[in-house]
Amino acid sequence: INQVNVEVSGVFALEQQYDNYVYLPIATVEQLIDAPGKRTSLEISLKPGYDVNTVKKEIEEILGENLQIKDRDEQNESLLKAIKIEKLFIFVALFFIICIASFNIFYALSMLVIDKKDDIQTLSSIGATQSLVKNIFLAEGFVISLIGVCLGLVLGLGICFIQMQFGVISLGMQYAMVNAYPVKIIPSDIIYSVLGIFLITFLASLLPATKAQKFMLNQKS
């Protein structure tokens with residue numbers, strides 16, 4: 001067993017995962033492991049503008065398959081999995097909240113159909129088609145969802161921008177690399193959320209609109 005005496009120049013406390021590391025000069029490490037001029041791993045930092053996947057493929061073509069080449073995400077695979085699972089559960093929770101909120105739209109439109117029977121009859125008498133009446137109630141549900149989406153985007157994106165600029169919510173960790181809870185706005189998440197809201201609202205509005213159409217059909221018969 002190789003041994004070497006070194007002088008401790010400082011200590012650090014970042015996270016439990018990294019607090020057990022010991023940093024030594026390369027020459028000292030080569031002496032300890034008896035491997036002068038050899039390296040077990042190398043870290044490469046890319047300049048801005050370079051694509052990680054492209055550089056990774058080029059390195060694999062040069063070095064072959066004998067060496068493992070991992071980007072930052074692959075090196076923190078367990079952490080990323082935990083974040084993805086957390087994100088999935090948040091999405092499921094929000095999905096159920098939106099579904100519960102869609103019941104309000106469903107019952108509001110159903111009551112509106114009952115309340116507007118005379119108006120539906122009037123529209124029928126002046127030549128309105130069944131599809132027109134159905135589209136009126138679908139448009140009503142769309143307007144409700146559009147107002148909710150606009151308000152939600154303004155509030156949600158506003159809170160995210162405030163957190164990104166001022167760091168209102170803190171991590172509560174004394175030695176964390178960042179003091180504030182990190183936030184990243186992903187456009188695809190926003191698009192999927194908006195499309196999901198419109199889909200749920202359409203399904204919630206479909207049955208009351210169909211009832212209005214059937215009511216108009218009964219009036220004609």
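1. A nonpolar core, as the term is used here, is a set of buried Ala, Val, Leu, Ile, Met, Phe, Trp, Tyr and Cys residues joined through side-chain atoms within 4.5 Å. Keep in mind that this is a predicted model. The largest such core has eight residues: Val 113, Ile 120, Val 133, Phe 137, Leu 138, Ala 209, Ala 212 and Phe 215. Helices α6 and α7 (187-220) each put at least two residues into this core. As background, nonpolar side chains in soluble globular proteins tend to be buried together.

2. Setting aside neighbours within four places in sequence, Phe 137 is in contact with Leu 109, Leu 112, Val 113, Ile 120, Ser 205, Ala 209 and Ala 212.

3. Now the helix pair. How do α4 and α6 pack? Helix α4 covers residues 77-115 and helix α6 residues 130-166; the angle between them is about 145°, and their axes lie 11 Å apart. The crossing is right-handed. On the α4 side the contact uses Ile 105, Leu 109, Leu 112 and Val 113, which meet Phe 137, Glu 140, Gly 141 and Ile 144 of α6. By type, the residues of this contact are six nonpolar, one polar and one charged.

4. On the aromatics: the structure has four aromatic pairs. One of them is Phe 95 with Phe 96, where the ring centres are 6.0 Å apart and the planes sit at 75°, so this pair is edge-to-face. Phe 95 is partly exposed, at 37% relative accessible area.

5. Another pair is Phe 142 with Phe 198. Why does this pair count as stacked? The planes are at 25°, with ring centres 5.3 Å apart, and the cut-off for stacked is planes under 30 degrees apart. This pair links distant parts of the chain, since Phe 142 is in helix α6 and Phe 198 in helix α7, 56 residues apart. Phe 142 is partly exposed, with a relative accessible area of 42%, and Phe 198 is partly exposed too, at 22%.

6. Last, a look at Thr 28, which sits in helix α1 (residues 26-33). Is Thr 28 buried or exposed? Its relative accessible area is 16%, so Thr 28 is buried, the limit being under 20%. Not counting residues up to four places away in sequence, Thr 28 touches Val 4 and Val 6.

How values were computed. Residues numbered from 1 in each chain as written. Predicted model: local features only at pLDDT ≥ 70, side-chain atom pairs only at ≥ 80, totals over all residues. Heavy atoms only, no water. Axes fitted to C-alpha atoms, helices over the stretch in contact; angles between N-to-C directions. Helix = DSSP H or I, 4+ residues; strand = E, 2+ residues; numbered from the N terminus. Left-handed = near helix turned anticlockwise from the far one by under 90°. Contact = heavy atoms within 4.5 Å. Nonpolar A, V, L, I, M, F, W, Y, C, P; charged D, E, K, R; others polar. Buried < 20%, exposed > 50% of the residue type's maximum accessible area, 1.4 Å probe, protein only. Phe/Tyr/Trp six-rings, centres within 6.5 Å; stacked < 30°, edge-to-face > 60°.
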